[in-house]
Amino acid sequence: MAALAEHDAGVCSCGFHRSLTMDPSVGFTTRTEVCPTCAGAKLAERIRREADEAEEEELKNRPDEPRRSDGRHVYIQQLTEDEMERRRARARKRPKPQSQG
């Protein structure tokens with residue numbers, strides 16, 4: 001266990017051990033990935049924040065009035081196969097956007 005603790009103490013905040021990061025013969029690069037679920041969660045968060053700010057402005061002098069955000073907890077939940085099929089069916093029924101030509 002002491003060896004594991006010693007190893008862990010040498011891990012940099014980038015996630016790699018200093019024995020690698022300090023070695024000039026070892027190279028690193030960065031990679032960016034975009035998760036569509038995280039992107040959707042961020043979009044929903046911005047929309048909620050804007051609505052909350054508008055509500056707060058409206059009720060700013062009434063602290064005793066409940067807010068929609070009071071007690072709110074937001075979770076990401078995976079849809080069931082049935083829910084996904086209903087979404088696919090709705091998407092198939094939506095009219096396709098007309099191309100500008």
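# Salt bridges, surface patches and contacts

E55 is buried, its relative accessible area being 13%; here buried means under 20% relative accessible area, exposed over 50%, and partly exposed in between, with a 1.4 Å probe and protein chains only. The model is predicted, and local features therefore need pLDDT of at least 70, side-chain atom pairs count only at pLDDT 80 or more, and totals for chains, interfaces and linings use all residues. Residues are numbered from 1 along each chain as its sequence is written, and side-chain values use heavy atoms, with hydrogens and water left out. Accessible areas come from the Shrake-Rupley method with a 1.4 Å probe, and for residues only the protein chains shown count as cover.

- Side chains of opposite charge can pair when their charged atoms come close.
- Eleven salt bridges are found in a search of the whole structure, a salt bridge being a side-chain nitrogen of Lys or Arg within 4 Å of a carboxyl oxygen of Asp or Glu.
- One of them joins the side chains of E55 and R68, at 4.0 Å from N to O.
- Because E55 belongs to helix α3 (residues 36–58) and R68 to the loop between α3 and α4, this pair ties together parts that are 13 residues apart in sequence; helices (H or I, at least four residues) and strands (E, at least two) are DSSP runs numbered from the N terminus.
- E55 is buried at 13%, whereas R68 is exposed, with a relative accessible area of 52%.
- A salt bridge also links the side chains of E56 and R67, with an N to O distance of 3.1 Å.
- E56 is located in helix α3 and R67 in the loop between α3 and α4, so this pair ties together parts that are eleven residues apart in sequence.
- The relative accessible area of E56 is 39%, which makes E56 partly exposed, while R67 is buried, with a value of 12%.

**Surroundings of E55 and R67**

- With its neighbours within four places in sequence left aside, E55 is in contact with R67, R68 and S69, where contact means heavy atoms within 4.5 Å.
- R67, in the loop between α3 and α4, touches E55, E56, L59, K60 and R62 when residues up to four places away in sequence are not counted.
- A separation of 7.8 Å is found between the C-alpha atoms of R67 and E56, which are eleven residues apart along the chain.

- E85 forms a salt bridge with R92, in which the closest N and O atoms are 3.0 Å apart.
- R92 counts as exposed at 56% relative accessibility, and E85 counts as partly exposed at 37%.
- E81, E85, R88 and R92 are connected in a network of salt bridges.
- R86, R87, R90, R94 and K96 form a positive surface patch.
- Patches are made of residues with over 30% relative accessible area and no salt bridge; like charges are joined within 9 Å, and nonpolar side chains (Val, Leu, Ile, Met, Phe, Trp, Tyr) within 5 Å.
- Lys and Arg count as positive and Asp and Glu as negative, whereas His and the chain ends are not counted; the place of a charge is taken as NZ of Lys, CZ of Arg, CG of Asp or CD of Glu.

- F16, L20 and F28 make up a nonpolar patch on the surface, and together they have about 270 Å² of accessible area.
- F16 is placed in the loop between α1 (2–9) and α2 (18–21), and with 39% relative accessibility F16 counts as partly exposed.
- V11 is likewise found in the loop between α1 and α2; V11 is partly exposed, with a relative accessible area of 29%.
- Leaving aside its neighbours within four places in sequence, V11 has contacts with F16, H17 and R18.
- From C-alpha to C-alpha, V11 and T21 are 9.3 Å apart in space, and they are ten residues apart in sequence.
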